[in-house]
Amino acid sequence: MSFALTLAGEQLIARPSGALFWPDRGLLCVSDLHLGKSERLARRAGALLPPYETHETLLRLEAEIEATGARSVICLGDSFDDAASLDGLDEACRLWLTRLIAGRDWIWIAGNHDAGPLEIAGSHRAEVHLGALVFRHIAEPGAQGEVSGHYHPKARLAGKVWRCFLADRNRLILPAFGTYTGGLWSHDPSLTGLMQPGALAILCGGAVARAIPMPRRA
């Protein structure tokens with residue numbers, strides 16, 4: 001079950017997967033896919049992780065596109081774990097991604113890990129303004145109607161850690177959608193300084209997107 005919310009007068013849906021859907025525009029928005037993270041770690045002689053996260057992330061992304069019937073997709077930055085990660089994808093995943101993009105208005109927003117995979121199809125933007133909303137990678141203080149990512153917010157409920165959206169009257173911060181992504185606690189000063197009193201944490205990762213008051217203390 002998804003959670004409906006309003007931002008700048010627009011009706012949006014926070015889905016249990018961590019994706020955001022804008023029904024009036026048929027638009028699906030995801031953040032921080034970090035495709036190719038296991039390959040990047042191996043390339044830089046870091047920790048060796050099972051190299052299946054790109055397949056799993058694309059599987060969930062395809063499921064969201066099919067479930068919502070999205071005609072447009074916005075990826076809110078850090079779609080690839082670094083500038084070389086696209087080259088490290090196996091051919092099957094590259095073709096899979098190309099198939100998902102085909103026939104859709106697909107926008108890659110630049111992140112701090114990648115400036116946007118310019119050699120792949122889709123539009124490449126620093127930020128996007130649609131109606132009363134602005135989509136960018138990193139939240140800007142004082143912004144209105146802002147949808148962003150970057151922070152990978154998470155919160156704890158009943159002893160379990162959940163990825164979460166953070167929402168208030170002015171902004172919405174999306175959780176990381178990628179499989180191998182860590183998180184920043186909602187009570188971190190970087191987030192409590194951005195979010196207004198009364199902000200919600202919309203927990204996701206299970207079958208239901210559940211809203212609770214944003215935790216501001218450890």
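Buried means under 20% relative accessible area, exposed means over 50%, and partly exposed lies in between (1.4 Å probe, protein chains only). This is a predicted model, in which local features need pLDDT of at least 70, side-chain atom pairs count only at pLDDT 80 or more, and totals for chains, interfaces and linings use all residues. Residues are numbered from 1 along each chain as its sequence is written, and side-chain values use heavy atoms, with hydrogens and water left out.

**Exercise 1. The salt bridges**

Task: Classify Glu 127 by its accessible area, then follow the salt bridges from Glu 127 to Arg 171.

Solution: 
- Step 1. Glu 127 has a relative accessible area of 26%, so it is partly exposed.
- Step 2. Recall the rule: a salt bridge is a side-chain nitrogen of Lys or Arg within 4 Å of a carboxyl oxygen of Asp or Glu. Glu 127 pairs in this way with Arg 136, and their closest N and O atoms are 3.0 Å apart.
- Step 3. Arg 136 is at 9% relative accessibility, so it counts as buried. Arg 136 also forms a salt bridge with Glu 146, at 2.5 Å between the closest N and O atoms.
- Step 4. Glu 146 has a relative accessible area of 0%, so it is buried. Glu 146 bridges to Arg 171, with closest N and O atoms 2.2 Å apart. Glu 146 is in strand E10 and Arg 171 in strand E13 (residues 171-173), so this pair ties together parts 25 residues apart in sequence. Helices (H or I, at least four residues) and strands (E, at least two) are DSSP runs, numbered from the N terminus.
- Step 5. The network links Glu 127, Arg 136, Glu 140, Glu 146 and Arg 171. The structure holds 7 salt bridges.

**Exercise 2. A lysine without a partner**

Task: Which side chain of opposite charge is nearest to Lys 154, and how far away is it?

Solution: 
- Step 1. Find Lys 154 in strand E11 (residues 153-157).
- Step 2. Assign charges: Lys and Arg count as positive, Asp and Glu as negative, while His and the chain ends are not counted.
- Step 3. The nearest opposite charge is Asp 188, 9.9 Å away. Lys 154 is buried and has no salt bridge.
- Step 4. Look at its contacts (heavy atoms within 4.5 Å). Beyond four places in sequence, they include Trp 162, Arg 163 and Trp 185.

**Exercise 3. Helix H2**

Task: Check the length of H2, then find where its buried residues lie.

Solution: 
- Step 1. The expected span is 1.5 Å times one less than the number of residues.
- Step 2. Buried residues in H2 include Leu 58, Leu 61 and Ile 65. Seen down the axis, the buried residues of H2 fall within an arc of 160 degrees, so they line one face. The arc is taken from the directions from the helix axis to the C-beta atoms.
- Step 3. Glu 66 and Ala 67, on the other side of H2, are exposed.
- Step 4. Gly 69 follows H2, and its phi is positive, near 70 degrees.

**Exercise 4. The nonpolar cores**

Task: Which residues touch the most other members of the largest nonpolar core?

Solution: 
- Step 1. A nonpolar core is a set of buried Ala, Val, Leu, Ile, Met, Phe, Trp, Tyr and Cys residues joined through side-chain atoms within 4.5 Å.
- Step 2. The largest has 24 residues, and Cys 29, Ile 74, Phe 135 and Leu 172 touch the most other members.
- Step 3. Apart from this core lies another of 23 residues, among them Leu 58 and Cys 75.
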